[in-house]
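Please keep the sequence and the structure in view while reading.

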Amino acid sequence: MGSLRVTLSAVAALGAVSAVPAAHAADGGVSVGPSPAAPGGDVALRVSGCPGRTATAVSPAFVADARLTVTEDGTLGGESRVRSTLKDGSYDVRVRCGETTRAGSVTVARRTTGPAGAQRHGAPPPPAASPTAPVRAGGGGATRLAMVDAREAGPGTAHTVTGLVLAGVAATAVALRSARRSRRPR
């Protein structure tokens, strides 16, 4: 039941992002959606015309830099989360793709519910909880292992010779011990 709920939530989120218009900067080909974005909400980023297969989007509005990769339609795309503590306004978005930099912006506005002109009573609700910085959860030493080809880092001739010598010493020790036991009177 839990995986069904997650799947339905993901489909609903994708539908919401595609139904809401995205802000598109004519000068750089950077689009951010939904527009306006809510503090603490997720935004989808798209960049057209980048020569590379990856790029990085940086903005003071984002919790962490967004890594963009090639999508099915050939543009670069990715996601980021807007900081929950932001005030309403427009924030710059810079995308580094290869040697070039593209510029755009993200508009942040708190969404209000209820009919227009309705009055609120009491203090406004606190912003939704959201991380303010990325978690430093590196892979330790696993990154180097993932980047090395196993055929190049596997045992070589020196390892093989050492293993054979140790196996020979062990076999000799077992044979001598067996010979000593067989000579002892019982």
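In this predicted model, the protein chain has an average pLDDT of 74, and 61% of the residues score at least 70. Confidence is lowest in strand 1 (residues 23-24), where the mean is 40, and highest in helix 4, where it is 92. Over residues 6-28 the pLDDT is below 50, although this stretch still has 23 contacts in the model beyond near neighbours in sequence. Where pLDDT is low, the predicted coordinates should not be read in detail.

**Overall architecture**

- The protein chain contains 4 helices and 8 strands, and their order along the sequence follows the pattern α-β-β-β-β-β-β-β-β-α-α-α.
- Of the 186 residues in the protein chain, 22% count as buried, and the accessible surface comes to about 13500 Å², with 58% of that area belonging to carbon and sulfur atoms.
- When contacts between residues at least 6 apart in sequence are considered, 51% of them join residues at least 24 apart.

- Helix 4 is hardly covered, since the count of buried residues among its 27 residues is 0.
- V165 is found in helix 4, and together with V161 and V169 this residue forms a nonpolar patch on the surface, with about 260 Å² of accessible area for the three together.

**The surroundings of A57**

- A57 is found in strand 4 (residues 54-58), and it counts as buried because its relative accessibility is 0%, which is under the 20% cut-off.
- Leaving aside residues up to four places away in sequence, A57 touches L45, F62, D65, A66, L68, V93, R94 and V95.
- A57 and R96 are 39 residues apart in sequence, yet their C-alpha atoms are 6.5 Å apart in space.

- A cis peptide bond joins G33 and P34, with omega at about 0 degrees, and P34 lies in the loop between strand 2 (30-33) and strand 3 (42-47).
- The peptide bond from S35 to P36 is also cis, with omega near 0 degrees, and P36 likewise lies in the loop between strand 2 and strand 3.

**The salt bridge**

- A search of the whole structure finds 1 salt bridge, in which the side chains of R81 and D42 meet at 2.8 Å, N to O.
- R81 lies in strand 6 (residues 76-81) whereas D42 lies in strand 3, so the pair ties together parts that are 39 residues apart in sequence.

Terms used
Residues numbered from 1 in each chain as written. Predicted model: local features only at pLDDT ≥ 70, side-chain atom pairs only at ≥ 80, totals over all residues. Heavy atoms only, no water. Buried < 20%, exposed > 50% of the residue type's maximum accessible area, 1.4 Å probe, protein only. Helix = DSSP H or I, 4+ residues; strand = E, 2+ residues; numbered from the N terminus. Patch = residues over 30% accessible without salt bridge, like charges linked within 9 Å, V, L, I, M, F, W, Y side chains within 5 Å. Areas by Shrake-Rupley, 256 points an atom, 1.4 Å probe, with all protein chains shown as cover. Salt bridge = Lys/Arg side-chain N within 4 Å of Asp/Glu carboxyl O. Contact = heavy atoms within 4.5 Å. pLDDT = per-residue confidence, 0-100.
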